[in-house]
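Thanks for coming, everyone. Please have a look at the structure on the screen, and then we'll walk through a few of its features.

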Amino acid sequence: MNAFLMSLAFYLIGSFAAFLCRPSWKGILFSLFAGLSLSLQLPFLFNILSSDIVSELTFSLSYPIGIVSLRMDPLSAFFALIISIGALGASIYSINYMKLYKDSYSLGSYYFFLGLLIISMLLVVAVQNALLFLMVWEMMSLFSFFLVSTEHRDEQVRRAGLYYLIAMQIGAAFLIVAFAGTGVLADNMDFQAFQRILSRQSTVSILLIILFLLGFGVKAGFIPFHSWLPLAHPAAPTGVSALMSGVMIKTGIYGILRILLLSGIPLRPIAYAVFILSLLTGLFGIINAIAQHDIKKFLAYSSIENIGIIGAAIGLGMLGLSLGEETLA
């Protein structure tokens, strides 16, 4: 985990360096540190993905957080790789694009919050303690809100940013209830302890799984929780729109997969519900995407369609497990 922690430190250093340096150097400097971070992570992540090992760092914080585990398993490593590659792409793209804003908005603030957003996304896929997970999840929403609101003097941008923040808090509310309920029943805030509760297939465990799916579904953009995407994307700078579409909303998919792995064999009604809702999400996304003239709105609805495709595959996998069809799963 040392390589992972050092990569986070590079992003943090890059954020402060970009905030403090001359405007003409901000994007280049931040991209340099993003590249260094990715180069440091690649051997570590590929080793986990290729050998199916788990790297873990455990430490203790004061009450009420308690024991905290940073755990990098193949699922976490896969998403960390996506986040890091997407972050470097958005950073490089922003070098020239953000020059449009240099006379009217703070480039230093943009790169500062961009770095913090990337750090929070990487922590989301590594943290295995419920309370700390909720903290970094909220940090991810808050930092992305600041980036969406870059052109804050525009009233339409302010409205879009506020709508986005409210939507994220609705999703967080579902997750808070789900994590609190599971943590109380498990008498532990570590994700591994949740498996004993979520795999019971009792009424309570089913309700908790549904709450988790709803909370993570808001971030991913499944219908009917999709409405923030077509508003936030046109309001945000293009680099941020790309990062949100290609990377950030996929943390919702990560959360869904993490809970499903902890819940054992899924119930057939939940599997059908996920599959059908995902199909509707994909159809809704593509129908609206082809009607758009604004490329950012097209990107937003296309992202909704892609989330639907991913969700449909997850639903089919759940059905395969519930039916005992390993090939389908």
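How many cavities of 30 Å³ or more does a search of the whole structure find? The answer is 1. Keep in mind as we go that this is a predicted model.

The volume of the largest cavity is about 90 Å³. Which residues line it? The lining runs through Leu198, Gln201, Ser205, Ile206, Ile209, Leu260, Ser263, Ile265, Pro266, Leu267, Ile270 and Met318. Sort them by class, and you get 9 nonpolar residues, 3 polar ones and no charged ones. Which helix gives the most to this lining? That is helix H8, residues 203–220, with 3 residues.

Now to the charged side chains. The count of salt bridges comes to 4. I'll take you through some of them.

Start with arginine 71. Arginine 71 forms a salt bridge with glutamate 56, and their closest N and O atoms are 2.9 Å apart. This pair ties together distant parts of the chain. Arginine 71 sits in strand S2, residues 67–72, and glutamate 56 sits in strand S1, residues 55–60. They are 15 residues apart.

Buried or exposed: what is arginine 71? Arginine 71 is buried, because its relative accessible area is 8%, and the cut-off for buried is under 20%. Glutamate 56 counts as partly exposed, at 41% relative accessibility.

Arginine 71 has another partner. Aspartate 190 forms a salt bridge with it, with the closest N and O atoms 3.5 Å apart. Again the pair links distant parts of the chain, here 119 residues apart. Where is aspartate 190? Look at the loop between helix H6 (155–186) and helix H7 (191–198). Aspartate 190 counts as buried, at 13% relative accessibility.

Glu56, Arg71 and Asp190 are linked in a network of salt bridges.

One more pair. Aspartate 73 and arginine 258 meet through their side chains in a salt bridge, at 2.8 Å from N to O.

Happy to go back to any view on the screen.

Terms used. Residues numbered from 1 in each chain as written. Predicted model: local features only at pLDDT ≥ 70, side-chain atom pairs only at ≥ 80, totals over all residues. Heavy atoms only, no water. Helix = DSSP H or I, 4+ residues; strand = E, 2+ residues; numbered from the N terminus. Buried < 20%, exposed > 50% of the residue type's maximum accessible area, 1.4 Å probe, protein only. 1 Å grid on protein atoms, 1.4 Å probe; cavity = no way out; pocket = protein on both sides within 12 Å on 5 of 7 lines; lining within 4 Å. Points joined across faces, edges and corners; volume = space filled by probe spheres on them. Nonpolar A, V, L, I, M, F, W, Y, C, P; charged D, E, K, R; others polar.
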